[in-house]
Amino acid sequence: MRGAIITMKSKSNSLLTLPAIVSVAVVTQVLFLATIFLSFIKWIVIRPDLGKSFAGIKNYVWIFKAPETYQIIGNTILITALSLTLCLILGFCFSLLLNRRFPLRKLCRMFVLIPFFMTPAVIGIIWKTLLLHPSFGITGYISQIYNSAPIDFFGQHAFISIIILIVWQWTPFFVLIILAGLQGVNPEMIESAQIDGASSIRILFQIKIPALRYHIQVATMLGMIFILKVFGLIYVTTRGGPGFTTTNLPYQVFKISYYKWDIGQAASYATLMVAMSLIIIMVMFNFIQKQIKRLEI
Amino acid sequence: MIWTTSKKAGDSMITFLTYVFCLAWVFPVYYMVITSFKVEESVIPPSLFINKFTLDNYAIIFDKTIFSHIVNSVTVTVISVLLCLAIGLPAAYRIVFGKMKNPANLYFWFISTQLLPPCAVLVPAFLIMRWMNLLDTRTGLILIYVGIHTPLIVWMVTSFFKDIPIEILEAADIDGCSKWNAFLKIIFPLSKPGIISSALLTFVFIWNEFFFAVNLSAIKANTLPVYMASFMTQEGLFWAKLSAISTITILIPVIFGIISQKALVEGLTMGAVKG
């Protein structure tokens, strides 16, 4: 190792980056190319008698003919958009509250952050059982006290419940970034604005929010990327149901892979998912490039 | 005078509201933890305090099965994090200090791989693992996790390396210090807190990873989150025990996450935001 590093001084540095590039490229890019290839193949794992054959664009024709596909694409976008909006609003409110000086401030911050570091499996399970269960959860108990019919969260209101869970987990991430931004706002600017008689609402909209533009962008972009991939929460609570109401594209890829064992169709859905994310990545690309230029690594 | 008192009252109102909101946010976690110390019969009707404290739930769930899943989670996560560090640190080093022509391109390439949804590689990953007999093994999971999470290390550590003033390294170079020594004696000590935080956060992400864990393991290699999910469907309404397993599952990542939250902000926002 030592020898290698000293010789590379005279030759090249590429040995340093090679292992990382190879392993990342194999797992992400080579495998994704394989997915694209498989999306043109007809292969059902549990029906070896049918064999494997080239299917052309038949898999894509199939998924675009299936009416649920449009619902699933809609779900993916709607879940992400609604959760992001709520996370942003709540994250902003929490950040403003937590940015003040008050006793036990650090403890409060910690309380808000905890859900972000929990695995989705636990989040889904405790909300589904302890909190929102129609007969034995806290909400069920409350409706019993008031003699009203318990709300069937993961049945009738599955879509909203999934969003509640995502928002609970991801708002802390927005708090982390926006709060860090608020702490960077120049206090002298706010003081002088106060002396000039500006109201706190005016200070919020004319000083704080413009100063936080970068942070809000970062939080929104990263949040979007992560929320698009949501799987665990859906898997442990609604299993994509009832019907297709809470199925998003990642869950659909899983379902086609492990219930239908149809390699080609699952790969087609996966490719569709990437195509959709790609549009978002393009937006991010411009954004990150700008930031990199600004920071000059 | 009246103005100041009303302002004070308003201030304490807002503080009070902050307490209410924060407690409401953490309530599910609190309720889960207290339920894990309740006797199974007293879980329903729900109560906000423990009426009869017991450690039985923990004693009962700590059998061989859960122990093997804890071992799975720890081995998979620790080995993956170490491997990510082993290949991610040199890459970050070269991006920052390696005098590359266009380091931003490589840096951005690493970040862009994070945007790929895991489901995009599931099908071939499954087929290859099946072909190599790696399904339901810890090795299989580790191989995937290293490929997926190395960019996170590069992404975060790069921003900590950038904080090191280049003048120190130039001075060391003039004094005849080899690059390897410069790394060990200057770069590593200066960026140690950042590297440790990045490692802890990668630990949290891998520990909590669910998609590949559930799809590429069945029984033997199940990590804790996957075991959790199957426990619910198999065991039904043993909620105190379910809460005990949940508490164990989140304990380490929550502690690590809280320790390293500042690094998350600095790292992911490319150093432009100091937490």
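**Notebook: core, chain contacts and domains**

I looked up the largest nonpolar core, which has 157 residues, and found that Ile166(A), Val253(A) and Ala270(A) touch the most other members. A nonpolar core is a set of buried Ala, Val, Leu, Ile, Met, Phe, Trp, Tyr and Cys residues joined through C-beta atoms within 7 Å. A residue is buried if 20 or more other C-beta atoms, placed from the backbone, lie within 10 Å of its own. Helix H8 (residues 158–184) of chain A gives the most to this core, with 16 residues. Helices are DSSP runs of H or I with at least four residues, numbered from the N terminus.

I noted that this is a predicted model, in which local features need pLDDT of at least 70 and side-chain atom pairs pLDDT 80 or more, while totals for chains, interfaces and linings use all residues. Residues are numbered from 1 along each chain, chains being lettered from A in the order in which they are written.

I then followed Ile166(A): leaving aside neighbours within four places in sequence, it is in contact (C-beta atoms, placed from the backbone, within 7 Å) with Ile79(A), Ser83(A), Ile227(A), Val230(A) and Leu233(A).

Next I examined the two chains and found 80 residues of chain A in contact with 89 residues of chain B. On the side of chain A that touches chain B, helix H2 (residues 14–38) of chain A gives the most, with 14 residues.

Finally, I recorded that chain B is divided into domain 1 (2–56) and domain 2 (57–268), with bounds from an automatic or database domain assignment. Their C-alpha centres lie 33 Å apart. I found 10 residues of domain 1 of chain B in contact with 11 residues of domain 2 of chain B.

Note on methods: Helices (H or I, at least four residues) and strands (E, at least two) are DSSP runs, numbered from the N terminus. A residue is buried if 20 or more other C-beta atoms lie within 10 Å of its own, exposed if 12 or fewer, and partly exposed in between; C-beta atoms are placed from the backbone.
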